[in-house]
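Hi,

Here's the structure I said I'd pass on. Have a look at it first, then read my notes below.

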Amino acid sequence: MTMDIAITAMVLAIIATIFASTMFTGASPVPTSKSVRDTMMAVLADAGGTIEGPIYELGAAWGGLARVLAGRYPASPVRAFEISLLPWAVSAVRHYLDGPQNLCFRLKDFNTVDLSDAALVVCYLPGETMQKLKPKLEAELPKGALVLSNTFAFRGWQPIKTRTASDIYASQVYLYRVG
Ligand SMILES: C[S@@+](CC[C@H](N)C(=O)[O-])C[C@H]1O[C@@H](n2cnc3c(N)ncnc32)[C@H](O)[C@@H]1O
């Protein structure tokens with residue numbers, strides 16, 4: 001009985017932390033699906049060239065997309081930021097057990113992170129959060145940096161490539177280049 005209460009309290013606490021961070025950021029920790037991840041990697045490959053420099057995953061949730069990026073670009077450090085405690089903890093534990101070494105997960109608000117050395121920024125964030133992020137990207141990203149977004153476009157920016165994923169939502173993927 002005591003065990004039941006403890007488990008119920010733990011589940012409720014976990015739900016509460018996810019709910020609180022979703023209310024705070026406006027973004028729930030829904031991961032990019034495999035089909036959309038594949039489309040994102042294909043768009044990057046289409047853009048040609050290599051990614052030379054750090055990759056930032058802004059709002060990494062459970063870390064799936066960050067791990068795919070780290071595997072695809074082993075020579076680049078992948079810096080993944082997440083503000084919600086449980087998804088970050090799951091990503092960090094999995095990373096501790098399994099690597100890879102070029103990836104790190106930080107429990108941090110990405111709005112406080114210096115992006116001035118980014119070669120690539122990746123995000124899957126709702127429209128309002130994207131619009132708030134836009135001036136920061138415009139101020140900090142170096143010329144030539146790439147920005148890759150799942151589903152949500154930056155209003156006023158012209159993508160260099162777009163592609164539709166084969167998932168049931170026909171999700172759009174947008175790739176931008178700074179400068
Ligand atoms: C839709 S999920 C995307 C997950 C992952 N990028 C993917 O594509 O699989 C968005 C995540 O962004 C996180 N987030 C939103 N605003 C944030 C902020 N200011 N700093 C860090 N993480 C944030 C949310 O907590 C949520 O987990």
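This is a predicted model: local features need pLDDT of at least 70, side-chain atom pairs count only at pLDDT 80 or more; totals for chains, interfaces and linings use all residues.

Let's start with helix H1.

Is H1 buried or in the open? The number of buried residues is 2 out of 24, so H1 lies largely in the open. If you follow the chain just past H1, you'll get to Gly26, which has a positive phi of about 80 degrees.

Next up, the ligand. Which residues come nearest to it? There are 25 residues around the ligand, and Thr25, Pro29, Thr32, Gly59 and Ala61 come nearest. The elements giving two or more residues to that shell are helix H1 (2–25), helix H3 (64–72) and strand S2 (78–82). Sorted by type, the shell has 13 nonpolar, 9 polar and 3 charged residues.

Strand S7 (residues 172–177) runs antiparallel to strand S5 (residues 146–150), and 5 bridges join the two. To find this pairing on screen, look for Asn150, which stands opposite Val173 in S7. S7 also pairs with strand S6 (residues 161–164), again in the antiparallel sense, over 4 bridges. Here the spot to look for is Thr162, opposite Tyr174 in S7.

Cheers

Terms used
Residues are numbered from 1 along each chain as its sequence is written. Two strands pair if DSSP finds at least two bridges between them. A residue is near a molecule or strand if its C-beta atom, placed from the backbone, lies within 6 Å of it. Ala, Val, Leu, Ile, Met, Phe, Trp, Tyr, Cys and Pro count as nonpolar, Asp, Glu, Lys and Arg as charged, and the others, Gly among them, as polar. A residue is buried if 20 or more other C-beta atoms lie within 10 Å of its own, exposed if 12 or fewer, and partly exposed in between; C-beta atoms are placed from the backbone.
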